[in-house]
Amino acid sequence: LVLILIGMLLPMVPSYAESTVTITDDAGRTVNISKKPMRIVSLAPSITEILFALGLGDRVVGVTSYCNYPPEVLEKETKGEISVVGGFTNPSLEKIADLTPDLVFGHNLLSPDFIHNLEKINITVVVISTAESIDGIYDDIRLIGRACWEEESADRLITDLQEKISNLENVVEGVEKVEVAHICWMAPIFVAGAETYVNDLIEKAGGINVFSNRTGWAMISKEELVKADPSHIIVPYKHGTEMVYEELMKMKEEGLIHGQIHTMDPDIISRPGPRVVLALEKIISFLHPEVWSKMLAVTDLTVQSSVTVGESAVIFIEVKNTGELGGVKTVSITIDGKSLQKNVTLNAGESKLVVFIVEMEKPGVYTISAGGKTATLKVNPAASVLIVNASIALSVVSLAAIVILTVALIKRTSRTK
């Protein structure tokens with residue numbers, strides 16, 4: 001009986017209950033994680049964002065001073081549930097040790113000695129290198145999920161991001177590509193070259209990185225920038241990086257460059273993490289605003305069944321911003337081939353009812369379409385037209401009766417003679 005019960009209960013026990021997860025991190029180190037980590041320290045903002053996106057925020061006990069997203073991070077810091085262990089490249093070994101973590105996620109810009117010192121005090125460390133592409137973000141999520149014993153959560157997050165990225169790529173498919181540069185610093189000038197996460201974003205957004213002939217984060221001269229003169233320049237504008245925008249605006253005022261200069265939160269564009277969808281959509285809105293403005297879903301289309309010529313038809317359209325970015329969207333309807341448009345401001349994920357009022361000038365049956373949905377509107381003739389038509393019909397009938405009566409009288413007269 002005992003053996004039978006054991007056989008029945010074994011399948012109910014998690015497969016990892018008595019096992020060890022073994023991974024190879026981005027530094028090529030083999031790391032054994034002997035139990036499910038419940039006290040995690042993150043030493044990079046992008047890693048912190050991934051942990052929270054995986055639903056592991058309650059397990060994070062330590063972060064850097066640069067980890068400020070999602071908002072729950074700062075809220076937990078205020079409540080004392082999360083401690084700041086130092087900066088991005090200079091975290092405190094002592095503060096990390098005081099938190100008695102099960103697992104620390106480091107990054108490739110930390111010194112090998114620092115990683116070694118953590119290991120010497122029996123702290124398990126996994127090194128995550130900065131992703132150089134969107135696919136690299138998926139790899140980071142997969143590695144972090146496995147290290148935290150949360151592979152299924154990682155797979156779900158990756159699938160969700162892949163679907164959203166694919167949808168955005170479809171939106172810009174076939175657009176005319178425009179020349180772009182991302183400049184992150186001006187003294188000296190640093191740009192995103194090939195094999196960077198930002199280069200991947202630019203290409204997927206329907207752009208051509210004018211500095212893709214460089215590799216990584218490359219330094220260029222002012223003369224090289226003037227010669228390239230891209231149509232669009234994307235710059236950070238936060239945390240003291242405002243001077244990049246200001247210096248480029250001076251160059252534009254002097255006629256040295258001529259492209260549009262777009263500002264972007266550096267936390268979004270410089271962190272290869274779950275906000276990659278927002279970063280990509282933001283860049284699409286810069287490079288192809290005419291395409292981005294039409295990125296919405298029509299969830300309902302309602303039209304009154306009939307009106308009379310000269311009256312106005314009222315058309316109700318419910319639309320939803322399906323993207324991660326709010327702004328002015330363009331709602332379009334077609335009435336028998338004629339297109340009408342209205343602008344509406346929508347926050348990310350917001351739905352609104354948009355009303356079109358159209359005066360109908362001719363009778364007939366009209367097909368109204370919007371966002372793949374269709375409806376039919378019948379326009380009846382005006383009452384005066386009906387009266388005139390009735391009068392004409394009556395006159396024709398009366399004339400016919402007179403003719404018939406006349407013929408009958410003629411025949412009768414002929415017989416009498």
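**Exercise 1. Work out how strand 20 and strand 21 pair, and follow strand 20 to its other neighbour.**

Start with the pair itself: 7 bridges tie strand 20 to strand 21 (residues 373-380), and the two run antiparallel. Keep in mind that this is a predicted model.

Next, look at where the hairpin turns. Ala370 has Lys373 of strand 21 as its bridge partner. There are 2 residues between the strands of this hairpin, and Gly371 takes a positive phi near 55° there.

Now go to the other neighbour. Strand 17 (residues 327-335) is joined to strand 20 (residues 364-370) by 2 bridges, again antiparallel. Here Ile335 finds its bridge partner in Ile368 of strand 20.

**Exercise 2. Find the residues other than glycine with a positive phi, and say whether each is buried or partly exposed.**

First, the background: most residues other than glycine have a negative phi.

Take Trp149, which has a positive phi of about 65°. Trp149 sits in the loop between helix 6 (134-147) and helix 7 (151-171). Its relative accessibility is 10%, so Trp149 counts as buried, the cut-off being under 20%.

Then take Asp336, with a positive phi of about 45°. Asp336 belongs to the loop between strand 17 and strand 18 (338-346). At 46% relative accessibility, Asp336 falls between the 20% and 50% cut-offs and therefore counts as partly exposed.

**Exercise 3. Describe the largest nonpolar core and what Phe105 touches.**

Begin with the whole chain: 417 residues, 42% of them buried, with 14 helices and 21 strands. Among contacts with a separation of 6 or more, 59% come from residues 24 or more positions apart.

Now zoom in. The largest nonpolar core holds 62 residues, and Ile33, Leu51, Phe105, Val126, Ile141, Ile144 and Val276 have the most contacts inside it. Helix 12 (residues 276-287) gives the most to this core, namely 9 residues. Apart from this core lies another one of 24 residues, including Val319, Val344, Ala375 and Leu377.

Finally, pick Phe105. Leaving aside residues up to four places away in sequence, Phe105 touches Leu51, Val126 and Ile144, among others. Its contacts also include Ile40, Val41, Ser42, Leu43 and Ile47.

**Exercise 4. Say what lines the largest pocket, and which helix gives the most to that lining.**

Size comes first: the largest pocket has about 1100 Å³ of space.

Then count the lining, which has 36 residues; nearest the centre are Phe88, Thr130, Pro266, Ser270 and Arg271.

Last, trace the lining back to the fold. Helix 2 (45-53), strand 8 (178-186), helix 8 (197-204) and helix 11 (266-269) each supply at least two residues. Helix 2 gives the most, with 4 residues.

Key
Residues are numbered from 1 along each chain as its sequence is written. This is a predicted model: local features need pLDDT of at least 70, side-chain atom pairs count only at pLDDT 80 or more; totals for chains, interfaces and linings use all residues. Side-chain values use heavy atoms; hydrogens and water are left out. Two strands pair if DSSP finds at least two bridges between them. A nonpolar core is a set of buried Ala, Val, Leu, Ile, Met, Phe, Trp, Tyr and Cys residues joined through side-chain atoms within 4.5 Å. Buried means under 20% relative accessible area, exposed over 50%, partly exposed in between (1.4 Å probe, protein chains only). Contact means heavy atoms within 4.5 Å. On a 1 Å grid over the protein atoms alone, a cavity is a set of points where a 1.4 Å probe fits but cannot get out, and a pocket is an open set with protein on both sides within 12 Å along at least five of seven lines; lining residues have an atom within 4 Å of a point. Grid points are joined across faces, edges and corners, and a volume is the space filled by probe spheres set on the points.
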